[in-house]
Amino acid sequence: MIRPLSAPLAVGLLVIVSALASTPALRDAATLQPFPPATLHHPPGYLLGAPLFGLWDALSLLTVSQHYAVLATLILLSAAGRLVAGRRSRSTPARPSLPRRVAREALFGAAALAALLAFYAAAALVPRPMAAIRLASPELVAVDFHSHTNHSHDGWSLFTAARSRAWHEAGGFHAAYVTDHYTWAGVDEALPANPTRAGEGTVLLSGMEVRLRDRHTNILGDHARYIFALDSTWHHLDPDSIVAAHHRGAPPASMLYTIPGPLDRIVPFGPGSPAGVIGVELSDGAPRGLEQGRAEREEILALADSMDLAVVAGTNHHGWGRTAPAWSVMRLPGWPRMSPDELGSAIEDALHQERRRAVTVVERTMPYHDGSAVKLAATVPLLLWSHFRTLTLRERVTWLAWVAIWAAVRAHRARHQADPS
């Protein structure tokens, strides 16, 4: 009876033991220390499926290299399991011929790969409850500086502005900039549905993702402030036109440098460079953006410190998945009573005036290999250990309940096999 229960017992023990080394699920992305004003909230529907939804969240937060490491690890484990099974079958008298064994193993490998890809696809496509940030102070506001709708060429065709608002609200965002590629169509769809006051619901704000000095940049604010400086395709923003408008007394441009991208071409906003950026992404929700944000965290922070740039988070969400990797948290007293336009202006004013001190990037706690080949190879066990350490008490209770059900099912099957009658 012990052998059928070994796997459930091991998982249950891991759930309990990891509580002794528990760590907050959220942290300051700059210091990697806990950020006490923020906690991760799980709605009841999430808690019911916590084991599955938590693993899907963890997969959604992996970088490109970690995805490859997970794939390689699962392939090796699968191959090792089949090898052990093959050795055990050698003692059977009716062992299949070599061609049939090869065909069988190829079919098994294809099925296993298809199952893994289906699991990944489900994480991206299946509707499910979201884990959301909760902020302790009413003066704090959670902002997404980089998101898309179906009006972006690479956005999900069904991800309308209304769906974007619902996604951000489910993730705990109070405001999100719609920064579609080279179009304000998503903004035009989003703004009329904004609440009258910011505290009444998630506010979508105007922005667009363009190229400035041939680098991806998000511009914030009404399109009238930038349209004169865009080329006929709205792909490229001319810095000289921004400078000329500034000299004519136009409001300052609010632009953020997005990753992934090289850090050596950043021009900071200043008296002598009105076509510069006021902030840089420390976290970008795309796998390649997550990779650079974690691999070059120190470089980005050093750059932000030396140029007095705000560090921000952008989900870079295009409609797939139900996981927010990070939030830009700002202190804006009285923001719930502001109109959407007033909130947008307050956010931009804070970015310009406070710069490096304007935003705290709060991210989900996740392991990273830091360039170590050993840590990269150990992505799966490190990921699982980190995930179990960040479970809340309610998640642990749910995990243990599902483990108990799993153990009961396996015990019932073992008894049935031992005594079919």
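Okay, let's start inside: 16 residues line the largest cavity, and Ala25, Arg364, Thr365, His387 and Thr390 are the ones nearest its centre. The top contributor is α3, with 3 residues.

Before I go on, this is a predicted model, so to speak: local features need pLDDT of at least 70, side-chain atom pairs count only at pLDDT 80 or more, and totals for chains, interfaces and linings use all residues. Residues are numbered from 1 along each chain as its sequence is written, and side-chain values use heavy atoms, with hydrogens and water left out.

On terms, a cavity is a set of points, on a 1 Å grid over the protein atoms alone, where a 1.4 Å probe fits but cannot get out; a pocket is an open set with protein on both sides within 12 Å along at least five of seven lines, and lining residues have an atom within 4 Å of a point. Helices (H or I, at least four residues) and strands (E, at least two) are DSSP runs, numbered from the N terminus.

Volume here is the space filled by probe spheres set on the points, which are joined across faces, edges and corners.

Now the largest pocket, with about 500 Å³ of space. Its lining has 24 residues, and Ser60, Gly285, Pro287, Trp320 and Gly321 lie nearest the centre. Both α3 and α5 (98-125) supply at least two lining residues, with α5 giving the largest share, 4 residues.

So, His181: buried or exposed? His181 counts as buried because its relative accessibility is 10%, and the cut-offs are under 20% for buried, over 50% for exposed and partly exposed in between (1.4 Å probe, protein chains only). You'll find His181 in the loop between β5 (175-178) and α7 (185-190). Leaving aside neighbours within four places in sequence, His181 is in contact (heavy atoms within 4.5 Å) with His148, Ser152, His153, Asp154, Glu209 and His318.

Leu20 is the other one to look at, in the loop between α1 (2-18) and β1 (26-28). Leu20 counts as exposed because its relative accessibility is 79%.

That's my tour, thanks.
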